[in-house]
Amino acid sequence: MALRMTGLTSGLDTESIVNAMMETHKAKKHKVESKKQKLEWKQEIWSGLNTKILNLYKGSLSKMRFSTGYATKKATSSDSSKLTATAGTDAAKGKYTVNVKQVAASQYVTGGKVPQYTTTDEDGNAVTKSVSSGTKLSEIGMDVSNGGQIQVKTGDKTVSLVIDENTTVNEFVQSLKKAGLSASFDATQGRFFIGAKDSGADQGFTINYATTSSAMQTAVSDLKNAVGYDGLSDSQKKTVRDLLNTMQNGTDKEVESAITSLQEMVEENATSAVTEFYTNQVKNEYLSEYITTDADGNEKITDAGKAAIEEAGQMDDTFVESDMVAVAKKLADTNTSKKIAEDEYQNKIKDAVENGFSDADAGITIAPKAGRDQGIADATNAYRAATVANGVTEVTGDSDQLQKLGLNTVDGTAVSESESANGMVVIAGVDSEVVVNGATLTSKDSTLTVNGLTLNLTAVTNGDVSITVGDDTEAVYDSIKEMLSEYNSVLTEMNTLYNASSARDYDVLTDDQKDEMSDDEVEKWNTKIKDSLLRRDSTLGDLRMTMRSIAGMTVTASNGKTYSLANLGITTSSDYKEYGLLHIKGDEDDSEYADSTNTLMNMLQEDPDTVAEVLSGITTKLYSSLTDKMKKTSLSSAMTFYNDVEMNKQISQYKKDIKEWETKLKDIEDRYYSQFTAMEKALANLQSQQSSLSSYLGQ
């Protein structure tokens with residue numbers, strides 16, 4: 001940047017003079033910016049219009065090209081409270097007699113009320129509690145000593161819930177869900193609610209209580225011993241029980257995954273146990289170093305303890321003995337954590353977990369990893385083998401154990417409340433059974449499709465119900481009306497843009513001009529320009545005439561007659577200012593032609609095939625014309641009705657021109673300031689010479 005001397009000698013307002021001189025040059029740059037802004041607005045308007053035309057093209061216009069757009073049928077039921085119907089395009093016209101003998105239902109079990117149970121509180125007092133999801137099955141009286149399990153079967157799938165002293169109500173609910181059923185326990189009602197997710201006789205399920213063989217019970221015990229079940233947390237015990245259930249009916253891959261999960265859990269526990277051992281050992285060493293105990297059993301700080309506190313910067317002059325002991329204990333914890341995290345102890349922990357570890361005084365024994373893993377694998381495989389070889393012995397009839405849950409053995413048979421010993425109710429799953437025109441048909445759902453006709457069953461009919469299938473004239477009429485409405489909407493926007501008022505005297509505002517106007521005034525100014533950008537646009541004009549050409553298109557039908565839209569009662573208005581909008585004569589929503597005869601509706605009722613043939617032919621012609629208009633060219637992209645490629649290139653050029661003008665304006669401004677700076681320097685030199693001359697002359 002040139003050195004700027006702004007009127008120091010001349011007294012001129014150099015900055016104002018330069019700004020005034022720059023205005024003419026800046027105006028040239030603004031012209032380019034204005035062209036760029038107008039083109040971007042124009043591109044935005046075209047993009048929105050293009051989307052609307054494409055929606056018409058791909059939507060209703062495309063639909064009405066095909067005969068399926070006119071093949072809508074409707075079905076009417078003589079008793080819609082029990083049976084409704086939907087007719088597909090291929091449904092045969094005529095009357096059907098339908099007798100609904102049975103409506104499909106899902107199997108559903110409502111358990112009897114599970115009574116409250118008695119347990120003891122922390123003080124050993126007897127208390128009565130209501131059953132909840134967390135209640136253990138053993139607490140409500142289920143025998144967990146004989147290796148029992150609950151088996152749920154849905155189709156080919158069996159899910160077994162192995163029961164022990166820790167199995168809960170929620171685990172039973174989850175096993176039901178795992179079998180593919182909807183299930184819940186309502187603690188307020190004290191009942192289980194269990195249902196098949198789908199209706200139909202083949203979607204039923206069974207619930208049995210079963211006892212396991214002695215071999216399986218031994219295998220379960222061995223597996224629990226292998227993982228140290230009694231020493232596990234509640235969540236880990238649940239994990240083991242879940243894996244037992246999975247392994248009993250799971251795939252080989254699931255069994256392998258279960259083995260890995262058990263091995264990882266045991267290794268995690270071993271790591272925790274060894275870490276705790278070394279942590280206690282190190283902590284005791286620090287405590288022995290920092291604290292001692294006198295003959296009366298009082299804790300005293302040692303010299304080493306005091307030194308440690310001082311080294312940690314935690315000593316305070318106000319500390320008494322007990323304060324220092326408390327700080328020393330915290331330091332022991334902190335230093336222990338640091339030491340355990342060091343490589344020495346981390347390596348000890350890893351070695352112990354890998355190769356085994358034992359300390360009789362601490363009561364800790366960790367078997368080597370290889371032995372642990374092999375023991376778990378052997379126990380798991382033995383359990384799996386016992387399951388396959390020995391299986392379970394199912395208890396038939398009402399199970400005493402299931403009755404603890406308000407259930408009996410469920411075999412899919414319907415059970416009423418009066419038939420049940422404990423109030424359980426079973427609704428059997430059944431298929432729909434319908435007699436259509438004398439033929440008996442079945443379905444696992446409450447719907448049934450026959451010959452393109454979908455029957456929706458809601459109740460048994462106790463006799464014949466008539467279903468009448470015919471052309472849905474109103475639906476076809478509405479489709480045609482919808483297409484014309486969308487056409488009119490698009491054409492209206494095109495007409496508005498093409499016939500917009502001129503904004504020749506409006507140019508894009510400069511920043512200075514915007515500063516002098518309110519936001520509302522700026523918005524109105526810009527809107528005026530935007531509204532005029534497609535005025536008399538040649539591309540829009542050509543596309544507009546293509547759209548309007550539909551009114552003059554003709555089609556020769558198979559009956560040999562030639563038709564246009566006017567022959568179908570579809571016409572343009574007598575008001576030329578509508579510029580080609582289409583009306584349906586006699587349509588109740590058309591303010592201009594509502595009182596006319598509705599020729600289109602009459603023809604749809606009397607000769608629907610001709611209407612379909614004519615409209616299909618005309619819409620196909622317009623569709624083809626629009627297809628040609630949006631083919632890819634060097635100026636436009638595919639599926640585009642305007643020159644988007646050309647516009648993008650022009651906008652890029654404008655951006656380049658603006659950058660060049662910015663550089664040019666800076667250079668011009670610097671040159672002006674350089675010239676004024678030179679003038680200031682010359683004036684300063686002249687003044688200096690005058691002063692010297694005056695001094696020589698003694699003035």
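In this predicted model, Val426 is buried, since its relative accessible area is 4%, a value under the 20% that sets the limit for buried residues. The residue belongs to strand β17, which covers residues 425-427. Val426 and Ala414 are separated by twelve residues in the sequence, and their C-alpha atoms lie 4.9 Å apart in space. Across the chain, buried residues account for 40% of the 699 residues.

The chain as a whole contains 18 helices and 26 strands. Its radius of gyration is 46 Å, which is well over the 27 Å given by the globule rule for 699 residues, and the chain is therefore more spread out than a compact globule. The C-alpha trace extends over about 120 × 110 × 45 Å along its principal axes.

Salt bridges were searched for in the whole structure, and 22 were found. One of them joins the side chains of Lys93 and Asp471, with a distance of 2.5 Å from N to O. This pair connects distant parts of the chain, as Lys93 is in the loop between β2 (83-87) and β3 (94-102), whereas Asp471 is in strand β22 (residues 465-471), 378 residues apart. With a relative accessibility of 53%, Lys93 counts as exposed, while Asp471, at 31%, is partly exposed.

Lys329 counts as partly exposed at 35% relative accessibility, and Glu299 is partly exposed with a relative accessible area of 39%. Elsewhere, salt bridges link Asp164, Glu171, Lys224 and Arg241 in a network.

A negative surface patch consists of Glu23, Asp511, Asp512, Asp515 and Glu516. Helix α13 (residues 511-515) supplies the largest share of this negative patch, namely three residues. Glu23, by contrast, is part of helix α1, which runs over residues 14-58. The relative accessibility of Glu23 is 45%, and the residue therefore counts as partly exposed, a class that lies between the limits of 20% and 50%.

A positive surface patch is made up of Lys28, Lys31, Lys35 and Lys664. Helix α1 gives the most to this positive patch, with three residues, and this helix also holds Glu23 of the negative patch. Lys664 is found in helix α18, which comprises residues 644-696. At a relative accessibility of 43%, Lys664 counts as partly exposed.

Notes: Residues numbered from 1 in each chain as written. Predicted model: local features only at pLDDT ≥ 70, side-chain atom pairs only at ≥ 80, totals over all residues. Heavy atoms only, no water. Patch = residues over 30% accessible without salt bridge, like charges linked within 9 Å, V, L, I, M, F, W, Y side chains within 5 Å. Areas by Shrake-Rupley, 256 points an atom, 1.4 Å probe, with all protein chains shown as cover. Salt bridge = Lys/Arg side-chain N within 4 Å of Asp/Glu carboxyl O. Lys, Arg positive; Asp, Glu negative; His and termini not counted. Charge placed at Lys NZ, Arg CZ, Asp CG, Glu CD. Helix = DSSP H or I, 4+ residues; strand = E, 2+ residues; numbered from the N terminus. Buried < 20%, exposed > 50% of the residue type's maximum accessible area, 1.4 Å probe, protein only. Rg over C-alpha atoms; globule rule 2.2 N^0.38 Å.
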